[in-house]
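Colleague: I'm new to reading protein models, and I'd like to take a close look at a single part of this one. Could you walk me through it slowly?

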Amino acid sequence: PDVKVQRVPIEKASADWLTLPNSRPSHAILYIHGGAYLFCSSRDYRDLASRIARASAARALVLDYRRAPEHPFPAALDDSLAAYHSLLAQGFSPAHIAIVGDSAGGCLALNTVTAARAAGLPTPAAVACISPWVDLECNGATMITKAAVDPVCTQDSLRDQARQYLNGKDPKSPQVSPLYADLHNFPPLLIQVGSEETLLDDAHRLDEHARNAGVSSTLHVYPGVPHIFPIFSTFLPESLAAISELGGFVQSHFH
């Protein structure tokens, strides 16, 4: 009840500004939602994003990027970069911006930073990824070993969704799969993932790739929980713990 929601346009997309009583007006989180590039919207993520914003004492801009198959790559990335550029244009210091995303949105969060660097923009203070999907070839070992316990993501479904999003783009392109991107001089990174996910190996490989590039990367595997577990805040204690951890991480890197 204490969350103020304001709908705003962002070039070809739109977003929800979420403001809470403890939100510092000069600090912002750009939240990029999951849904395999095909599903979900900012409305589905108002609860989770507002909880993260509260834990971070910041406002949250929850992006509604254009979705495939009607709008395949690079539409979602273009919208995410436009949202980050919009925050900078509004006067937010990059030291007071964090980008957070889950699943496909976690991948977009990483891709947004690399696209911002390529465009000559300053990087944000920090990036946090929840259950990130960062290999659009879907070749991680846990695609097989966790198939029987993951209630959400299967290798076949993810490959089909990636095909609709990529629309012929090489899944190994650094623009779509951060495992193949240059992460040198990347902001501090937090990766949260459940132990019961087919995407568990994506999180491990992302952490290794980031560390090899000299990035300050923290990987936290939460035992016994599924894909995007922080969204289940009404009944999963691990969800509240992850949100608290994420808020502390963001605040520690806001300068």
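Which residues in helix 1 meet which residues in helix 7?

Modeller: Happy to! Keep in mind that this is a predicted model. On the helix 1 side, look for Leu48, Arg51, Ile52, Ala55 and Ser56. They meet Leu240, Ile243, Leu246, Gly247, Val250 and Gln251 in helix 7.

Now turn the view until you can see both helices. The axes of helix 1 and helix 7 are 8 Å apart, and the two pack at an angle of about 50 degrees. Angles under 35 degrees would count as roughly parallel and 65 to 115 as roughly perpendicular, so helix 1 and helix 7 are oblique to each other. The crossing of helix 1 with helix 7 is right-handed.

Leu48, Ala49, Ser50, Ile52, Ala53 and Ser56 of helix 1 are buried. Helix 7 (237-253) is included in what covers them, and so are strand 2 (13-19), strand 3, strand 4 (58-64), strand 5 (97-102) and strand 6. Notice that Leu48, Ile52 and Ser56 are on the buried list, and that these three also meet helix 7.

Next, step just past the end of helix 1, to Ala57. This residue takes a positive phi of about 55 degrees.

Trp133 belongs to the loop between strand 6 (126-130) and helix 4 (142-145), so the pair ties together parts that are 96 residues apart in sequence. Like Tyr37, Trp133 is buried. If you follow the ring pairs onward, they link Tyr37, Phe73, Trp133 and Tyr165 into a cluster. Across the structure there are seven aromatic pairs.

The peptide bond from Phe73 to Pro74 is cis, with omega near 10 degrees. Pro74 is in the loop between strand 4 and helix 2, and that loop also holds Pro69. The bond from Ala68 to Pro69 is cis as well, with omega near 5 degrees. Most peptide bonds are trans.

Helix 2 (residues 75-89) and helix 3 (residues 104-118) have axes that come within 9 Å and cross at roughly 65 degrees. Helix 2 and helix 3 are therefore roughly perpendicular to each other. Their crossing is right-handed, and the crossing of helix 1 and helix 7 is right-handed too.

For the residues here, find Ala76, Leu77, Ser80, Leu81 and Tyr84 in helix 2. They meet Leu108, Asn111, Thr112, Ala115 and Ala116 in helix 3. This contact has seven nonpolar residues, three polar and no charged.

To finish, let's contrast two residues from elsewhere. Glu11 sits in the loop between strand 1 (4-10) and strand 2, and its phi is positive, near 50 degrees. Its relative accessible area is 72%, so Glu11 is exposed. Ser177, in the loop between helix 5 (155-166) and strand 7 (189-194), has a relative accessible area of 0% and is buried. Setting aside its neighbours within four places in sequence, Ser177 is in contact with Val134, Asp135, Leu136 and Pro171.

Terms used:
Residues are numbered from 1 along each chain as its sequence is written. This is a predicted model: local features need pLDDT of at least 70, side-chain atom pairs count only at pLDDT 80 or more; totals for chains, interfaces and linings use all residues. Side-chain values use heavy atoms; hydrogens and water are left out. Axes are lines fitted to C-alpha atoms, for helices over the stretch in contact, and angles run from 0 to 180 degrees between N-to-C directions. Helices (H or I, at least four residues) and strands (E, at least two) are DSSP runs, numbered from the N terminus. Angles under 35 degrees count as roughly parallel, over 145 as roughly antiparallel, 65 to 115 as roughly perpendicular and the rest as oblique. A crossing is left-handed if the near helix is turned anticlockwise from the far one by less than a right angle, and right-handed if clockwise. Contact means heavy atoms within 4.5 Å. Ala, Val, Leu, Ile, Met, Phe, Trp, Tyr, Cys and Pro count as nonpolar, Asp, Glu, Lys and Arg as charged, and the others, Gly among them, as polar. Rings of Phe, Tyr and Trp (its six-membered ring) pair if their centres lie within 6.5 Å; planes under 30 degrees apart count as stacked, over 60 as edge-to-face and the rest as tilted. Buried means under 20% relative accessible area, exposed over 50%, partly exposed in between (1.4 Å probe, protein chains only).
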